[in-house]
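Here is a structure to read by asking what each label rests on. Each answer sets a value against its cut-off.

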Amino acid sequence: MTTTALRDQFPGLANNWHYLDTAATAQKPQVVLDAMMRAGGADYATVHRGVYARSANMTVAFEAARERVARFIGAASPNEVVFVRGATEGINLVAQSWGPAHLNAGDRIMLSQLEHHSNIVPWQMLAEKVGAHIDVCPLTDDGLIDLDWLEANLTEQHKLVALAHVSNVLGSVLGVKRAAKAAHAVGAKLMLDGCQAAPRMRLNMAELDCDFYVMSGHKLYGPTGVGVLWAKAETLDSMPPWQGGGAMIDRVTFEKTTYAPAPSRFEAGTPMIIEVIGLHAAIDFIDSFGPEAIFAHESALAAQTRDALRGINSVTLYGPEKSAGIVSFSMEGIHPHDIGTILDEENVAIRAGHHCAQPLMDHLGIPATARASFGIYNDENDVAALVRGLERVKRIFG
């Protein structure tokens with residue numbers, strides 16, 4: 001399929017819009033929009049409760065989506081898949097449910113310098129609650145999590161290691177198996193933030209050997225308001241519920257409530273029915289191309305972008321040479337917001353700011369970067385439009 005034919009499947013890309021902000025949120029293909037329209041219209045009913053036919057059919061579709069997610073990520077069972085409202089909620093669920101039951105005063109949590117705020121703040125809240133301490137793994141000179149340092153500095157006091165599978169700023173890819181081996185060697189659990197990895201990498205939970213994995217639907221060409229938390233069945237079974245009400249119960253009396261088994265125990269209230277159906281359609285769409293092909297396509301565009309930006313002598317590039325479809329940069333004497341504004345006038349959309357990674361910005365010694373991030377629908381024309389726009393930025397600012 002040509003890129004033009006592919007772009008035609010995305011209504012949001014009309015009018016030759018050069019969308020280079022997929023790391024923030026991906027555009028939605030028509031098949032996802034159609035699936036959500038049917039789910040919210042002709043097929044709509046509640047799930048897990050109604051005895052009438054449409055409710056039963058919607059329940060079947062909802063649970064079929066859970067099975068589809070399990071296959072997509074290589075989970076051992078659909079019961080290891082918890083639907084949450086986004087990756088941020090998934091991390092908070094682990095922090096507030098698993099965390100207090102397994103961390104005590106004096107225990108330690110290991111993060112890294114490049115983490116998204118969503119993989120920092122929940123652990124800070126947990127640490128304050130139980131009296132734990134947070135350590136921060138530094139980066140190598142080219143922007144990778146320094147696994148040599150990690151291996152040398154993990155101790156038996158560390159109960160959790162929480163790292164990004166792919167950096168949302170630098171595009172750097174974690175050596176997961178090595179990180180898992182290091183964490184497990186000291187008895188710690190490994191949580192991975194997979195928001196940037198899931199749309200472009202083949203996942204297999206057994207091969208990754210992590211203990212928790214989170215991802216968001218809207219970065220996966222699916223809807224906002226839905227995400228996934230994965231954990232081994234025995235881990236979920238050991239965790240108390242986080243929120244109360246709705247389908248997470250087994251039996252309620254005023255004297256005592258008993259809870260449903262996982263994953264229902266963690267899905268309080270009416271779930272995000274339409275969004276889950278949309279997520280199913282998005283996964284089918286991605287798998288029709290193959291994550292390996294998507295990764296190769298986006299990485300090639302990132303490499304082409306880095307090569308082109310080196311020709312602009314005021315540009316500084318950040319992160320490793322080989323990145324997962326993400327290129328962050330700055331231009332000497334020009335704020336990233338000004339870069340983004342002028343590029344918008346050229347019909348080019350990038351991200352400008354700290355990207356919810358202020359500690360990483362502090363590490364880089366800058367307040368913000370400009371970021372171009374690629375999706376399955378981008379091609380060389382988008383790179384060329386970005387470069388033309390940046391040349392105009394340079395002319396305007398002298």
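Q: What makes Phe83 a contact partner of residues such as Phe62 and Val276?

A: This is a predicted model. Contact means heavy atoms within 4.5 Å. Leaving aside neighbours within four places in sequence, Phe83 is in contact with Phe62, Ala65, Arg66, Val69, Val226, Gly227, Val228, Glu267, Met272, Val276 and Leu279.

Q: Which residues touch the most other members of the largest nonpolar core?

A: Phe83 is one of them, together with Val69, Ile73 and Tyr213. The core holds 78 residues. Its largest share, nine residues, comes from helix 10, residues 273–289. At least three residues come from each of domain 1 and domain 2.

Q: Which residues does the second, separate core include?

A: Trp98, Leu103, Ile120 and Leu229 are included. This second core has 29 residues.

Q: How is the chain divided into domains?

A: Domain 1 covers 3–20 + 290–397, and domain 2 covers 32–288. Their centres, taken over C-alpha atoms, are 28 Å apart. The contact takes 31 residues from domain 1 and 28 residues from domain 2.

Q: What makes up the lining of the largest pocket?

A: There are 25 lining residues. Ala23, His116, Cys195, Gln196 and Lys219 lie nearest the centre of the pocket. By class, the lining has nine nonpolar, 10 polar and six charged residues. Helix 4, residues 87–102, gives the largest share, three residues. The lining also draws at least three residues from each of domain 1 and domain 2. The volume of the pocket is about 360 Å³.

Q: Why is Thr22 called buried?

A: Buried means under 20% relative accessible area. Thr22 has 1%, so Thr22 is buried.

Q: Where does Thr22 lie, and what does Thr22 touch?

A: Thr22 is in the loop between strand 1 (18–19) and helix 2 (30–40). Not counting residues up to four places away in sequence, Thr22 touches Arg200, Tyr221, Ser373, Phe374, Gly375, Tyr377 and Asn378. Thr22 and His218 are 196 residues apart in sequence, with 9.5 Å from C-alpha to C-alpha.

Q: Where is Asp43, and which residues does Asp43 touch?

A: Asp43 sits in the loop between helix 2 and helix 3 (53–73). Leaving out residues up to four places away in sequence, Asp43 touches Arg38, Arg54 and Met58. Asp43 and Gly333 are 290 residues apart in sequence and 55 Å apart in space, C-alpha to C-alpha.

Q: Which residues of helix 12 are buried, and what covers them?

A: In helix 12, residues 336–345, the buried residues are Pro336, Ile339, Gly340, Ile342 and Leu343. Their cover includes strand 12 (326–331), strand 13 (348–349), strand 14 (351–353), strand 15 (369–373) and helix 14 (380–397). An α-helix has 3.6 residues a turn, so residues three or four places apart point the same way.

Q: What is the phi of Asp209, and where is Asp209 placed?

A: Phi of Asp209 is near 65 degrees, again positive in a residue other than glycine. Asp209 is in the loop between helix 8 (205–208) and strand 7 (212–216). At 33% relative accessibility, Asp209 is partly exposed, because the value lies between 20% and 50%.

Q: Is the peptide bond from Ala262 to Pro263 cis or trans?

A: The bond is cis, with omega near 5 degrees. Pro263 is in the loop between strand 10 (257–259) and helix 10.

Methods. Residues numbered from 1 in each chain as written. Predicted model: local features only at pLDDT ≥ 70, side-chain atom pairs only at ≥ 80, totals over all residues. Heavy atoms only, no water. Core = buried A, V, L, I, M, F, W, Y, C linked by side-chain atoms within 4.5 Å. Buried < 20%, exposed > 50% of the residue type's maximum accessible area, 1.4 Å probe, protein only. Helix = DSSP H or I, 4+ residues; strand = E, 2+ residues; numbered from the N terminus. Domains from an automatic or database assignment. 1 Å grid on protein atoms, 1.4 Å probe; cavity = no way out; pocket = protein on both sides within 12 Å on 5 of 7 lines; lining within 4 Å. Points joined across faces, edges and corners; volume = space filled by probe spheres on them. Nonpolar A, V, L, I, M, F, W, Y, C, P; charged D, E, K, R; others polar.
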